[in-house]
Amino acid sequence: MAVYEYHAGLEGVPATQSSISFVDGQKGLLEYRGIAIEHLASKSTFLETAYLLIWGELPNRQELQDFQQEIQGHRRLKYRVRDMMKCFPESGHPMDALQACAAALGLFYSRREISDPAYVHEAVVRLLAKVPTMVAAFQLMRNGNDPVQPRDDLSYAANFLYMLNEREPDPFLANIFDVCLTLHAEHTINASTFSAMVTASTLTDPYAVIASAVGTLAGPLHGGAAEEVVGMLETIGTVENVRPFVENCVANKKKIMGFGHRVYKVKDPRATILQNLAEQLFDRLGQDRYYDIAVELEKVVSEKMSYKGIYPNVDFYSGLVYRKLGIPTDLYTPVFAISRTAGWLAHWKEQLGENRIFRPTQIYTGLHGIDYVPMDDR
Ligand code: CMC
């Protein structure tokens, strides 16, 4: 019988070959298609980056313009999707609403010709276009308001903020939000991407692929951490409380949200960029007392835990940025999903290119040859 080595959480086990993104966790390096995240964050836009991730190359002017127009043409939701959303409980988490909506798109667009490049293209455009509309629509509908129709004259980021707040955003804020989307768009084979790839490998439809990835992203150990970070900063309450909070976590082996990463053993480069964005926002809109708590927390955690390679990850500063942009706390993870849809779709497309169904093995730890005991004898 074959002997397998078990790696909890598949740590260090290559599950695929990919040319989409690269992380060097010792150097704190992240590249999308070979381009450093710092360059994309400062020079690109989310839609251009999404194109790069999905089609492998930066678009030329015409290609980008065509892509933008296609996205604009698919932003609206069918009224029956909106009717379905009206039946969702207002108290439900927006990630559950998004997962249900993403899966439901498969009912409305049920062709499954995934070997047809035109179908793949159409599904990519439809999902990138509709996910933000679904997130904004649920936010308005759960508050008893009608969803706002998307505006074709606004950029991807500005249109989302417009649909969320029913007013056109300041271009400075829309630009900061666009950078956030670029930063979250892709990150190698993390849990939600792996989930997307496993689902994709069965050759099911792309809406099921994105729905399964959304469900995986929702957990507090993954995308849900940003929401938890803000709650944690509120609980800490003051800069003076930071040290005892960290000491208590260390003593009781409690996880500190927004810190640690399977791959990064230094500060996540996206956290550095997000911290800078937070500072720009505070300069413009006024300070946020939670920022001082966050900076002190980073200092004390690094003092106590750097020997384990525990530093801020992408979720640590993103909540502070989203808060200042006026995004409700429980939309932080759906906003992450809007952006990561680009990465999931890139992996879906790559998976289809050289597909083999995921079917790993297991190491059985149970018994053999046990007699069945009749009910009356148990
Ligand atoms: N606070 C305190 N200790 C930690 C933390 C943390 N946030 N993260 C890891 N550790 C410790 C952990 O207790 C363990 O210590 P020991 O070896 O003494 O038992 C060691 O570091 C290794 O931790 P692990 O949980 O085995 O590491 P992992 O690679 O399985 O998990 C992680 C990675 C991100 C799930 C984990 O660091 C964590 O739970 N962080 C908090 C949640 C969080 O911020 N998640 C967002 C992740 S990044 C963005 C994303 O994926 O969405």
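This note goes through a few features of the predicted model, point by point.

1. **Ground rules.** The model is predicted, so local features need pLDDT of at least 70 and side-chain atom pairs count only at pLDDT 80 or more, while totals for chains, interfaces and linings use all residues. Residues are numbered from 1 along each chain as its sequence is written, and side-chain values use heavy atoms, with hydrogens and water left out.

2. **A buried threonine.** Start with Thr 341. Its place is in helix H16, residues 332-353. Helices here are DSSP runs of H or I with at least four residues, strands are runs of E with at least two, and both are numbered from the N terminus. Thr 341 counts as buried because its relative accessibility is 1%. Buried means under 20% relative accessible area, exposed means over 50%, and partly exposed lies in between (1.4 Å probe, protein chains only). Leaving out residues up to four places away in sequence, Thr 341 touches Leu 127, Leu 128, Val 131 and Ile 210. Contact means heavy atoms within 4.5 Å.

3. **A covered helix.** Look next at helix H9, residues 191-200. It is mostly covered: seven of its ten residues are buried. Among them are Ser 192, Thr 193, Met 197 and Ala 200. What covers the buried residues of H9 includes helix H10 (206-217) and H16.

4. On a 1 Å grid over the protein atoms alone, a cavity is a set of points where a 1.4 Å probe fits but cannot get out; lining residues have an atom within 4 Å of a point. Grid points are joined across faces, edges and corners, and a volume is the space filled by probe spheres set on the points. The largest cavity holds about 80 Å³ of space. Its lining includes Arg 76, Arg 82, Thr 133, Ala 136 and Gln 149. Helix H6 (residues 117-142) gives the most to this lining, with three residues.

5. **Tyr 6 at the surface.** Tyr 6 sits in the segment before strand S1 (21-24). Tyr 6 counts as exposed because its relative accessibility is 63%.

6. Is Glu 303 buried, partly exposed or exposed? Glu 303 is partly exposed, with a relative accessible area of 46%. This residue is found in helix H14, residues 289-305. Glu 303 and Tyr 6 are 297 residues apart in sequence, and 33 Å apart in space, C-alpha to C-alpha.

Notes:
On a 1 Å grid over the protein atoms alone, a cavity is a set of points where a 1.4 Å probe fits but cannot get out, and a pocket is an open set with protein on both sides within 12 Å along at least five of seven lines; lining residues have an atom within 4 Å of a point.
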